[in-house]
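Open the model in your viewer and keep the selection panel at hand. The stops below go one by one.

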Amino acid sequence: VGVKSGRYFFEIKIIEYINGVDSAQAVVRPKTVIRLGFSKADAPLLLGSGDDAVGFDADGYFWAGKKSSYTFPRAGRGSILGVLLNLDSSSDNFNTISLFRDGHRLTQPQSLPDNLEGETLYPHLTFRNVTLQVNFGPSPLAPLPFKCNMIADASKKSVEVTKAAKPPKGKKYEVVYPIGLPDQGTFDALDLWLQDHPDYMELSDRTFLDWIDQSGIRRPRNLQAKSSNDKPEMHYQVREIEDGSIRRAAFSLAPLMDRNFVVMEVCDNLLPDARTENLKLFPSSRFSKTALVSVGEPNDTYLEKAKEIALAAKQEAADRAFKSHRLVLKAQQEAAKRRKEALKAEGKEEEKEDEEEIPDVDMSEKPPKVELTNEEEEALSFIPHDVKDLTPFVLSGAFSHFALPSKAEGFDTIKYEWENESSSQEYLKSWIAQKKLTLRADDLQPGPWAPEQQQKWLAAVAAWHEKADEYKAVLAEKQQKKQQAKREKEIAAARAQVTGDKVDGQEATPMETEEQEEETLDFASVDVFAAEDILDVGLQTPLFKEFGYEDWALMTLRFRLHLLAHAFKRDIQDPERPGIFLDHLPFYYNRYFKEPLNLREYGVETLDALVKLVDDTAYVTPDRVLESQIGAEMETFNIFVKLTEEARRHRLLRLELGDESAKLSVTATTQLSGKTNHKKGGGKTSSEKGSWSSAGKGKKGGSPQAPPAGKGLVPTISASASSSPSQSGSPAVVGPPSHVGKSGGKDGKGKDKGSWSYGYSYAGPSTVGGAAAAAAAAAAANATAATAFPKNAAAAASPDAAPPAFAKTAAYSSAAVQAPTASALSKSGLAPPPQQTAALPKAPFGISMSKAGMMAAPSSPPAAAAAASGADATAPPAATPAAAAAAPADPPRRRRRGWDEDDSAPAAQPQQPDQSSERRGG
């Protein structure tokens with residue numbers, strides 16, 4: 001019943017306020033709401049959420065449309081509130097509304113909004129979390145101080161009765177199910193349809209959100225934007241909203257009401273099973289069920305709407321650009337004006353420049369109107385939205401089951417809005433095929449085949465790495481032997497050249513030996529694809545002997561892309577899915593190999609460039625699907641080695657021809673990380689997972705051990721001469737290795753980080769000539785050191801330099817190193833006399849004195865001093881006063897194997913390997 005004239009009122013009584021906190025769940029409920037007033041018939045159900053209503057609330061606010069203002073104190077429990085509408089044109093308070101509490105006026109008459117004057121207004125009540133008693137008459141609960149009729153006593157000429165719309169005789173209420181493809185005009189088509197059918201109530205999650213917002217329930221500030229239009233998040237921290245109670249209640253009550261409904265569910269309305277279950281909610285005895293299909297090319301009505309929205313968006317963008325440009329011009333104009341004023345204040349004249357004069361800017365000028373071009377109109381299809389109808393996860397798991405409705409599901413009528421049934425079916429079929437090509441399968445789980453192939457591959461790669469290490473070790477051992485032979489040859493030749501003695505009764509001359517020519521393999525001429533055994537393409541040479549880390553990485557990439565292409569088809573079990581869409585390659589790579597695909601590790605920026613690196617194995621189809629050029633089943637993985645070697649040779653050829661684009665930027669971290677044991681730091685085998693890029697810390701070598709083949713050995717020669725007479729008079733010889741040490745362990749790659757070294761015993765003659773030869777050799781080495789490092793020699797020869805101390809022993813010992821270094825000279829204090837440098841022959845090694853040996857005086861070598869004075873060359877040289885003062889009176893003796901207590905040497909026998917003087921390598 002709506003009031004169109006006269007003066008009438010109705011009232012409510014507040015029975016109780018419901019507690020604002022749910023003690024069972026400890027969740028704060030929304031605050032209580034009581035609003036009463038009048039509105040137009042088509043106003044929103046919630047008073048205050050639209051412009052077609054006016055009234056008051058119990059908190060003391062007056063509502064005119066969506067605006068409110070405070071006018072009276074809050075009403076408490078037991079209060080009786082009455083609202084009076086005055087549409088009596090003869091009254092002084094015509095077109096006003098007033099509020100009374102317990103029969104007393106609370107406010108002065110409030111004017112009706114302009115849009116409500118002359119309209120039929122209906123009683124309107126909105127409440128939440130309260131219990132109310134509503135009284136429309138005939139008698140008031142709290143009489144007013146003046147006489148006024150209530151709504152129930154209104155005369156027929158003063159009111160207008162609007163009855164609820166009912167279907168024609170013999171017809172039923174209707175429930176409509178819109179059916180459309182996601183993101184192809186679903187909700188837009190529904191909005192257009194509802195404009196022509198305003199008597200239908202929409203039941204959807206977006207409607208529930210609208211009701212929640214109109215109810216004044218605020219979203220938390222940290223609530224993220226909705227992820228989909230079909231099922232937006234409802235995190236309002238209200239139990240009945242978040243657990244779906246309100247939604248279930250709405251769908252339970254709807255079938256009991258005499259109304260027409262439209263049930264909007266994008267995903268469920270496309271699934272036959274879900275449609276069948278939802279149709280059961282509305283009994284056929286009261287409702288007819290209609291499917292409204294909007295699939296295919298949109299109709300003219302929709303396209304006009306799309307054109308209107310596109311034009312509005314273009315106009316908005318043009319308006320922003322226009323206003324922004326005007327603001328820039330205005331700022332430039334003001335800046336020029338300030339510059340002129342500043343120059344004028346300084347008494348300067350403005351310099352004339354060839355700059356364009358900025359015109360006066362009229363900020364009130366309106367932006368120009370824009371129009372859509374023909375190309376833009378032809379490109380119109382569906383209205384774009386920032387939020388998708390379905391989340392990718394929901395869409396990927398459901399789209400393959402989408403189907404158009406049939407009457408067998410329970411529909412009474414099926415209407416096709418855009419295209420006919422056959423065209424819609426073809427359109428849906430094509431759409432599903434395209435989605436199978438471009439959508440990723442989030443629920444895909446790798447089957448057993450892919451892990452089995454991966455384990456076989458890891459075993460094969462580990463064996464290839466082991467073979468490569470063995471081959472490099474053999475090469476290193478051969479090279480070391482050559483270097484050792486060459487070094488020994490140089491040592492013998494230098495010794496003979498310095499001493500002038502004969503070796504085996506002949507004049508000492510440099511050793512000249514013809515190296516036996518080794519059989520070699522022309523690796524570059526090996527036919528890669530004709531090789532039957534990749535581990536031995538000739539002379540025990542593996543095909544991958546030249547592989548660098550980038551080749552191993554690209555070989556692994558070849559295998560993995562090949563495996564992905566075949567494993568996906570096996571696991572998806574869908575012949576309509578041709579393969580992996582390239583854009584989803586990182587997702588499936590992580591799903592199958594449990595590690596991310598990092599393009600930067602391969603030096604590329606795009607997935608296309610990544611596949612191009614191994615285009616001899618994988619390629620991308622015109623539909624952007626990853627395919628492998630190699631069959632799924634194979635006995636061995638040798639083909640990947642051959643492809644990698646062929647690609648390596650081709651890359652080197654391009655680089656030699658000046659093609660800089662052939663350069664790779666593969667980082668070392670892209671090598672395959674194994675799960676087998678690796679040699680870690682400390683020289684021990686660790687069961688921990690090794691990484692190709694990690695490196696452990698080394699450890700000093702322990703007890704003497706035989707050096708493995710291929711290690712860089714640094715020979716150390718120990719020269720000794722006995723002070724006792726001997727009858728042999730033979731020159732010194734180099735004995736077998738006496739001690740072996742290692743300075744480091746192994747890194748995380750299983751590669752040696754330490755350096756190996758051996759010591760040799762130098763058994764000298766027991767004659768005076770042997771001592772002289774040793775001293776002369778020391779002098780020659782000192783001369784060589786002085787030539788290489790003149791600054792160090794000059795410093796050692798300085799009068800201020802303290803001569804080194806030496807032990808009391810009759811044995812002279814020295815150690816030869818590969819090349820004299822600053823640190824070695826600094827420790828030993830070697831400094832040859834300048835006058836001896838030119839006369840002495842160049843020696844290929846330097847000599848440093850051990851702790852048990854003596855140090856030649858800087859002024860002259862022992863042999864030269866003995867020859868000049870006629871003294872015994874075997875006697876220790878006299879120490880300088882400074883050295884004598886610095887040296888202890890009786891320094892402790894070092895006990896060595898093969899020597900007695902009084903440091904006398906065994907008669908006429910070479911020194912045995914010294915195990916106690918073990919060198920800690922490095």
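**Stop 1: a helix crossing**

Select helix H11 (residues 549-572) and helix H12 (residues 585-593): their axes come within 11 Å and cross at roughly 85°. H11 is therefore roughly perpendicular to H12, since angles of 65 to 115 degrees count as such. Bear in mind that this is a predicted model.

Now show side chains at the crossing. From H11, the contact is made by Arg560, Leu561, Leu563, Leu564, Ala567, Phe568 and Asp571. From H12, Leu585, Tyr588, Tyr589, Tyr592 and Phe593 take part.

**Stop 2: around H12**

Stay on H12. How many of its nine residues are buried? Seven are, and H12 is mostly covered. Colour them: Leu585, Phe587, Tyr588, Tyr589, Arg591, Tyr592 and Phe593.

Two helices to display are H10 (449-499) and H13 (607-613).

Then step past the end of the helix. Lys594 follows H12, and its phi is positive, near 60°.

**Stop 3: Gln454**

Move to Gln454, which lies in helix H10. Is Gln454 buried or exposed? Its relative accessible area is 13%, so Gln454 counts as buried, the cut-off being under 20%.

Select its contacts, leaving out residues up to four places away in sequence: Phe559, Arg560, Leu563 and Phe593. Arg560 and Leu563 are on the H11 side of the helix crossing, and Phe593 is on the H12 side.

**Stop 4: helix H2**

Jump to helix H2 (residues 205-214). Which of its residues are buried? Pick out Asp205, Thr207, Phe208, Leu209 and Ile212. Their cover includes strand E18 (200-203), helix H3 (239-242) and H4.

Just after H2, click Gly216: here phi is again positive, about 85°.

**Stop 5: a surface patch**

Switch to a surface view and select Leu253, Leu256 and Met257. These three form a nonpolar patch on the surface. Together they have about 300 Å² of accessible area.

Zoom in on Met257. Where does it sit? Met257 is in the loop between helix H4 (245-253) and strand E19 (260-263). H4 is also among the elements covering the buried residues of H2. At 34% relative accessibility, Met257 counts as partly exposed, because that value falls between the 20% and 50% limits.

Key
Residues are numbered from 1 along each chain as its sequence is written. This is a predicted model: local features need pLDDT of at least 70, side-chain atom pairs count only at pLDDT 80 or more; totals for chains, interfaces and linings use all residues. Side-chain values use heavy atoms; hydrogens and water are left out. Patches are made of residues with over 30% relative accessible area and no salt bridge: like charges are joined within 9 Å, nonpolar side chains (Val, Leu, Ile, Met, Phe, Trp, Tyr) within 5 Å. Accessible areas come from the Shrake-Rupley method with a 1.4 Å probe; for residues, only the protein chains shown count as cover. A salt bridge is a side-chain nitrogen of Lys or Arg within 4 Å of a carboxyl oxygen of Asp or Glu. Helices (H or I, at least four residues) and strands (E, at least two) are DSSP runs, numbered from the N terminus. Buried means under 20% relative accessible area, exposed over 50%, partly exposed in between (1.4 Å probe, protein chains only). Axes are lines fitted to C-alpha atoms, for helices over the stretch in contact, and angles run from 0 to 180 degrees between N-to-C directions. Angles under 35 degrees count as roughly parallel, over 145 as roughly antiparallel, 65 to 115 as roughly perpendicular and the rest as oblique. Contact means heavy atoms within 4.5 Å.
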